[in-house]
Amino acid sequence: MSVEILKISHCRNIESAQLTLKSGLNIITGANASGKTTLLEAFNLLGTGRSFRTSRLNHVIQAEQSTLTIFAQLRLASGLNQKLGFQYKEGKRQLRLDGNPIHSGAELAQLLPIQLINQQSFDLIDQGPSQRRKFLDWGVFHVEQSFYPVWQRYMRAMKQRNAALRQSIKQTQHWEKEMAASAATLHGYRHAYVESLQPLFTASVSEMLGCDDITMQYRAGWDAEIPLNELLATNRDKDRELGYSRYGPQRADLVFKRDGAPARERLSRGQQKLLVSALVLGQAQLLTNSTGKPGTVLIDDISAELDSNHCAKLMKVLLATGSQLVVTAISPERLPDVSNENPAMFHVEHGEVKEVV
Ligand SMILES: Nc1ncnc2c1ncn2[C@@H]1O[C@H](COP(=O)(O)OP(=O)(O)OP(=O)(O)O)[C@@H](O)[C@H]1O
Ligand SMILES: [Mg+2]
């Protein structure tokens with residue numbers, strides 16, 4: 001799946017734009033505040049229904065306008081086309097595929113898998129585990145069809161247990177059993193996913209960072225050798241005091257270390273960017289390998305934090321994923337030589353997008 005045509009109307013500083021994209025490499029250049037991130041935002045709105053910068057979509061509509069519209073012609077792996085439309089108007093969001101409403105975020109995510117590498121991606125190693133769980137589950141969701149219903153079932157059971165803790169022992173025990181059943185399945189999916197991501201991650205890290213002492217370790221959120229209901233029963237009194245369940249897949253994490261110490265302490269900013277990129281691109285590759293349907297990877301300001309040598313290495317790994325790539329940079333001089341890839345090139349100036357030929 002790739003985006004063949006993207007049309008934008010009234011998105012931040014872009015009044016109107018139309019881009020014809022390649023299924024391989026697309027490059028967008030422009031000065032600060034020209035509208036590069038805004039273009040990537042338009043992709044993200046289409047693929048997720050959400051902005052990656054703000055939870056308030058009324059700030060994404062161009063000032064003094066009332067309707068934000070994004071339209072894409074998608075090219076399927078089969079060669080057929082589909083039309084995907086996003087509109088935000090009067091506080092309401094609407095997504096349509098070939099004219100029919102899309103109601104679920106899961107349906108949309110499956111349709112147009114979008115991955116993003118930008119300044120916020122550093123949160124993956126800088127911040128707490130929730131970003132990493134989100135990252136992990138994005139990957140599992142796309143390769144394991146049953147993941148989402150099991151995850152929903154687990155979350156529901158956990159909420160019910162948290163509510164039952166103060167009320168009824170019998171109900172609490174019932175929900176603990178329900179949690180344990182789906183926790184084991186979730187753990188199995190996540191564990192298998194990390195196992196298949198591991199070699200891709202290690203190869204990209206070695207290629208881009210030139211070191212082999214960075215490790216990624218998956219933590220289940222409890223000692224997965226023990227059935228979760230047993231652990232929950234042992235910890236019931238403490239959980240009742242706290243009002244929530246301390247153990248289970250909701251506490252899973254990915255831990256990155258270099259030479260035994262936390263990666264964020266031992267890596268420079270540029271190295272952290274490459275580590276995060278290795279993760280995202282490993283995921284992109286797995287998506288292509290397991291579904292045969294490559295997604296779209298957005299990279300905002302690719303050369304930020306990187307010297308020309310490391311930027312070239314990142315570009316090489318990006319190209320190897322087989323994904324559609326949409327890359328922004330302030331100027332073409334900051335990019336590695338990609339003339340062999342025959343990229344589509346665009347230049348943005350004050351919100352106006354022109355194809356460079
Ligand atoms: N709702 C809006 N209406 C009109 N313009 C907006 C709106 N929101 C943001 N802008 C403007 O859009 C411009 C483009 O922002 P954008 O983040 O896309 O720039 P950029 O090309 O990515 O710049 P940089 O290289 O600095 O990251 C900014 O000048 C911003 O002030
Ligand atoms: Mg920007």
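Which residue takes a positive phi just after helix 6? The answer is in the last legend below. This is a predicted model, in which local features need pLDDT of at least 70, side-chain atom pairs count only at pLDDT 80 or more, and totals for chains, interfaces and linings use all residues. Residues are numbered from 1 along each chain as its sequence is written, chains are lettered from A and ligands numbered from 1 in the order in which they are written, and side-chain values use heavy atoms, with hydrogens and water left out.

**View 1. The shell around ligand 1.**

**View 2. Polar contacts of ligand 1 (N or O pairs within 3.5 Å).** A polar backbone atom of G35 lies 2.9 Å from a ligand oxygen, and a side-chain N or O atom of R12 is 3.3 Å from an oxygen of ligand 1. A ligand nitrogen sits 3.0 Å from a backbone N or O atom of H59. The protein buries 68% of the 660 Å² that ligand 1 exposes when taken alone (Shrake-Rupley method, 1.4 Å probe).

**View 3. The ends of helix 6 (a DSSP run of H or I, at least four residues).** Helix 6 covers residues 169-209. At its N-terminal end, S168 is the cap, with a side-chain oxygen 3.4 Å from the backbone nitrogen of K170. Just after helix 6 comes G210, with a positive phi of about 70 degrees.

Key:
A polar contact is a pair of N or O atoms within 3.5 Å; within protein, one must be able to donate a hydrogen and the other to accept it, and residues adjacent in sequence count only if both atoms are side-chain atoms. Helices (H or I, at least four residues) and strands (E, at least two) are DSSP runs, numbered from the N terminus. The expected span of a helix is 1.5 Å times one less than its number of residues.
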